[in-house]
Amino acid sequence: INVCRQIVAELAPRLQNEILLCSEQHKHLTKRLARVVQRVVDRLGAFDRVSKFKPVALEQSFGSQDGWPPLTYKLDDNVLLELTGQIDRLDVAEYNGDTYIMVIDYKSGGAWLSLNEVYYGLQLQLLVYLLVACARGRQLAGRDTCYPAGILYCYLRDPVFTGNSFLNEDQVAAKVNSMLKMPGWVLDSREIVRLIDTTIEG
């Protein structure tokens, strides 16, 4: 935890003219930010220990000068639609000689996937990311063909909850873990799901 505090302390003065150092309230936010960073690092470390998927790209942009090409679609009247963005994290794993790609998107607030919103084109961000990544298999994994494994959100927050009874340390940890589960969609394949989390049975 000392490492996380040190990193936050080094970065805080660089944010918006030292806004996190201008008052006691903002200094408190800095301490809270350090706790959030530590919790996220712990959870990502725990995920890494149980997953066969490993990160191969962070903050991968597409459609920018120093990133991958944009995702393009030719519309009517010769109009060319270009989709651009930046992917927080891309993980890959191998199964039966094939390469599978998973998108992880970091969120400080609530996030979830709604089938209705995806169907009506209102929530396509992570699916676009996955489409772009699978098309760039050569750059990511040295493969011309890669397959989608999943799209997940990772929460960057320190959850707060209330209860009507006393909870011991293990119960608090279980409650926090349930609030920080990574929501999203994964491939309908037991084998791929077990690559994502090797502790899953059945």
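**Entry 1: elements and overall layout**

Helices here are DSSP runs of H or I with at least four residues, strands are runs of E with at least two, and both are numbered from the N terminus. I keep that in mind whenever I name a loop by its flanking strands. The model I am reading is predicted.

I first counted the elements. The protein has 7 helices and 7 strands. I then read their order along the sequence: α-α-β-β-β-β-β-α-α-α-β-α-β-α. I also looked up the extent. Along the principal axes, the C-alpha atoms fill a box of roughly 55 × 50 × 35 Å.

Next came burial. Of the 202 residues, 31% count as buried. I checked contact range too. Taking contacts between residues at least 6 apart in sequence, I find that 65% join residues at least 24 apart.

**Entry 2: positive phi**

Most residues other than glycine have a negative phi. I looked for exceptions and noted two residues.

N96 sits in the loop between β4 and β5. Its phi is near 50 degrees, a positive value in a residue that is not glycine. Is N96 buried or exposed? N96 has 66% relative accessibility, so it counts as exposed.

E59 is placed in strand β1. The phi of E59 is also positive, near 50 degrees, and E59 is not a glycine. E59 has a relative accessible area of 55%, so it is exposed.

**Entry 3: the nonpolar cores**

In soluble globular proteins, nonpolar side chains tend to be buried together. I went looking for such groups.

The largest nonpolar core holds 25 residues. Those with the most contacts inside it are F62, W68, I87, L90, I101, V103 and L140. Which elements supply at least two residues each? I list β1 (54-62), β4 (85-95), β5 (98-107), α4 (125-135) and β6 (147-155). Helix α4 gives the largest share, 7 residues.

I also found a second, separate core of 15 residues. V36, F47, A93 and Y100 are among its members.

I returned to W68 and left out its neighbours within four places in sequence. The remaining contacts of W68 include F62, I87, L90 and L140. W68 also touches Q60, S61, G63, V132, A133, R136 and Q139.

**Entry 4: aromatic pairs**

A pair of aromatic rings is described by the distance of the centres and the angle of the planes. I counted 3 aromatic pairs. I wrote up two of them.

The rings of F62 and Y129 have centres 6.0 Å apart and planes at 80 degrees, so I call the pair edge-to-face. This pair links distant parts of the chain, with F62 in strand β1 and Y129 in helix α4, 67 residues apart. F62 and Y129 are both buried.

How are the rings of Y100 and Y147 arranged? Their centres are 5.7 Å apart and their planes are at 40 degrees, so the pair is tilted. Y100 belongs to strand β5 and Y147 to strand β6, so the pair ties together parts 47 residues apart in sequence. I compared the burial of the two partners. Y100 has 12% relative accessibility and is therefore buried. Y147 has a relative accessible area of 35%, so it is partly exposed.

**Entry 5: the largest pocket**

I looked up its volume: about 660 Å³. Its lining has 26 residues, and the closest to the centre are R43, F47, L180, K181 and M182. F47 is a name I had already noted, as it is in the second core. Two or more lining residues come from each of α2 (24-50), β6, α6 (169-179), β7 (184-186) and α7 (190-196). Helix α2 gives the largest share, 7 residues. By class, I count 18 nonpolar, 2 polar and 6 charged residues in the lining.

I picked L131, which is in helix α4. L131 has 42% relative accessibility, so it counts as partly exposed. Beyond its neighbours within four places in sequence, L131 contacts L71 and Y73. From L131 to I101, 30 residues apart along the chain, I read 9.9 Å between C-alpha atoms.

I then picked K54 in strand β1. With a relative accessible area of 32%, K54 is partly exposed. Its contacts, leaving aside neighbours within four places in sequence, are D48, L90, D91 and V92. K54 and A93 are 39 residues apart in sequence, with 6.7 Å from C-alpha to C-alpha.

Terms used:
Residues are numbered from 1 along each chain as its sequence is written. This is a predicted model: local features need pLDDT of at least 70, side-chain atom pairs count only at pLDDT 80 or more; totals for chains, interfaces and linings use all residues. Side-chain values use heavy atoms; hydrogens and water are left out. A nonpolar core is a set of buried Ala, Val, Leu, Ile, Met, Phe, Trp, Tyr and Cys residues joined through side-chain atoms within 4.5 Å. Buried means under 20% relative accessible area, exposed over 50%, partly exposed in between (1.4 Å probe, protein chains only). Contact means heavy atoms within 4.5 Å. On a 1 Å grid over the protein atoms alone, a cavity is a set of points where a 1.4 Å probe fits but cannot get out, and a pocket is an open set with protein on both sides within 12 Å along at least five of seven lines; lining residues have an atom within 4 Å of a point. Grid points are joined across faces, edges and corners, and a volume is the space filled by probe spheres set on the points. Ala, Val, Leu, Ile, Met, Phe, Trp, Tyr, Cys and Pro count as nonpolar, Asp, Glu, Lys and Arg as charged, and the others, Gly among them, as polar. Rings of Phe, Tyr and Trp (its six-membered ring) pair if their centres lie within 6.5 Å; planes under 30 degrees apart count as stacked, over 60 as edge-to-face and the rest as tilted.
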